[in-house]
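Open the model in your viewer and keep the selection panel at hand. The stops below go from the whole chain to single residues.

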Amino acid sequence: MNHRQKNAISPEHEYLGISKSFAYGLQHVLTMYGGIVAPPLIIGTAAGLSSAQVGMLIAAALFVGGLATLIQTIGTKYLGAKLPLVQGVSFAGVATMVAIITTGGGLPAVYGAVIAASLIGLCLAPYFSKIIRFFPPVVTGCVITIIGLSLLPVAVRWMMGGNSKAPDWGSVENISLALLTLGIVIVLNMLPQASIRRLSILLAIVAGTALAYFMGFGDFSQVSSGAWLQFPHLFAFGLPTFELSAILSMLIVTLVIMTETTADIIAVGDIVGTEVDAKRIANGVRADMFSSAFAPIFGSFMQSAFAQNVGLVAITGIKSRFVVAAGGVILIILGLLPIMGRLIAAIPMPVLGGAGLVLFGSVAASGIRTLAKIDYNDQKNLIIVATALSAGMIPIINHEFYAHFPVWVQTLFHSGISSTCIFAILLNLLFNHLPTFRSSRTPHLSQTINTRNTH
């Protein structure tokens with residue numbers, strides 16, 4: 001009886017124990033660390049903050065990201081998708097927040113806009129979740145594929161050094177270190193021990209960092225300088241102000257984030273092999289919006305699910321949400337212990353790039369696996385996939401493609417993920433829902449593909 005009950009547990013609800021959970025959780029933190037500290041760094045620089053104040057923004061981002069991750073993974077009755085999703089400051093709103101700052105509103109206007117837009121998004125979540133019915137495999141396959149493809153340029157930048165203005169940008173040494181780390185990941189995954197394969201990313205980063213140190217890469221001299229313990233200050237940059245134009249701009253960002261979070265929930269649900277319905281989407285989006293609403297209290301910004309961690313779930317096969325919750329605890333500790341943050345920040349970017357290449361590629365591979373199950377005998381599915389993926393690649397290939405369009409268009413289509421979502425959903429509606437375009441032999445939306453029984 002106990003054996004049958006154990007087998008009946010859905011993979012995301014499996015508990016692996018404290019030691020394994022924190023070891024695997026650290027992998028998640030290392031995977032997304034660069035992504036979570038970049039937005040506050042950009043925003044703080046645009047606001048003209050001192051290095052100490054920027055450090056406060058980064059610490060707040062780590063602390064709030066940890067809290068938001070716990071809300072998303074552990075959850076309550078109405079909050080949290082209870083899936084292995086890491087939360088952090090969203091890149092989607094960076095350009096809009098910088099625009100609010102530079103037009104005179106400053107950080108208080110940004111915080112006010114984030115709070116107001118998040119509360120509106122919180123109210124919209126139950127209605128927004130209904131779009132799950134417009135995500136058949138032909139759409140989800142495109143979205144999951146583009147999530148991976150949109151992250152690959154990040155891995156490439158890390159491999160080249162992370163800073164395009166640095167003198168060693170793209171040097172043979174940087175790229176060689178990245179490839180060496182990638183080689184370690186591959187070798188570790190060739191070993192018969194499953195436990196080592198599952199920890200391959202963490203072990204490769206540790207080994208790559210050690211090799212980098214002996215090769216003269218990285219600067220660990222600043223790790224012990226500065227405060228060791230620091231609690232986030234409430235409203236450290238002033239009380240929020242509420243400006244209508246700023247709120248409207250941030251509301252568009254909120255809709256984009258809700259779309260991307262929905263895509264991430266569907267993607268990780270597909271990888272985990274668990275059901276994702278409208279209720280789960282609503283709970284996940286609500287967790288995003290709730291976390292975003294209280295983030296400004298601690299000095300942070302809009303929160304969203306991190307797509308790069310979906311790849312880690314795919315490659316390691318560790319699907320437990322409690323592992324990611326352990327990663328959330330680590331993020332909280334990093335937010336309270338700046339010395340730990342400085343230690344992780346000292347890891348050479350090429351090391352993270354080498355590991356990121358296989359991580360992000362694995363997300364794209366998961367999407368391709370879904371697309372491979374679709375029936376392409378009907379030309380409509382081929383057109384949907386080809387157009388949606390191509391549209392999603394546009395902002396990845398050229399960030400200035402929509403530069404002369406209105407701001408709201410730039411916000412909607414600045415991300416390959418949101419672009420693919422929009423095009424795939426609209427084309428699916430056009431070809432598979434409108435009677436004018438549905439042929440008598442075209443199967444119904446729900447019958448387009450049986451993903452469970454193909455193999």
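Predicted model: local features only at pLDDT ≥ 70, side-chain atom pairs only at ≥ 80, totals over all residues.

Residues are numbered from 1 along each chain as its sequence is written, and side-chain values use heavy atoms, with hydrogens and water left out.

**Whole protein.** Select everything and show the cartoon: there are 18 helices and two strands (DSSP runs numbered from the N terminus, helices being H or I of at least four residues and strands E of at least two). Of the 455 residues, 53% count as buried (under 20% relative accessible area with a 1.4 Å probe, protein chains only; exposed is over 50%, partly exposed in between). Among contacts (heavy atoms within 4.5 Å) between residues at least 6 apart in sequence, 82% join residues at least 24 apart.

**Nonpolar cores.** Select Leu107, Phe135, Ile147, Ile205, Met250 and Phe301, the residues with the most contacts inside the largest nonpolar core, which has 97 residues (a core is a set of buried Ala, Val, Leu, Ile, Met, Phe, Trp, Tyr and Cys residues joined through side-chain atoms within 4.5 Å). Helix H10 (residues 244-272) gives the largest share of this core, 14 residues. Another core, of 12 residues, lies apart from it and includes Met32, Val324, Ile330 and Leu334. Now centre on Leu107: not counting residues up to four places away in sequence, Leu107 touches Ile43, Ala47, Leu49, Ile101, Phe237 and Phe301.

**Cavities.** A search of the whole structure finds three cavities of 30 Å³ or more (a cavity is a set of points on a 1 Å grid over the protein atoms alone where a 1.4 Å probe fits but cannot get out; lining residues have an atom within 4 Å of a point). The largest cavity holds about 80 Å³ of space, the volume being that filled by probe spheres set on the points, which are joined across faces, edges and corners. To see its lining, select residues including Met56, Gln230, His233, Phe237, Phe298 and Gly335. Helix H3 (residues 51-73) supplies the largest share of that lining, four residues.

**Ser90.** Finish at Ser90, in the loop between strand S1 (87-89) and helix H4 (94-102). Is Ser90 buried or exposed? Ser90 has a relative accessible area of 3%, so Ser90 is buried. Leaving aside neighbours within four places in sequence, Ser90 is in contact with Ile257, Met302 and Ser304.

How values were computed:
1 Å grid on protein atoms, 1.4 Å probe; cavity = no way out; pocket = protein on both sides within 12 Å on 5 of 7 lines; lining within 4 Å.
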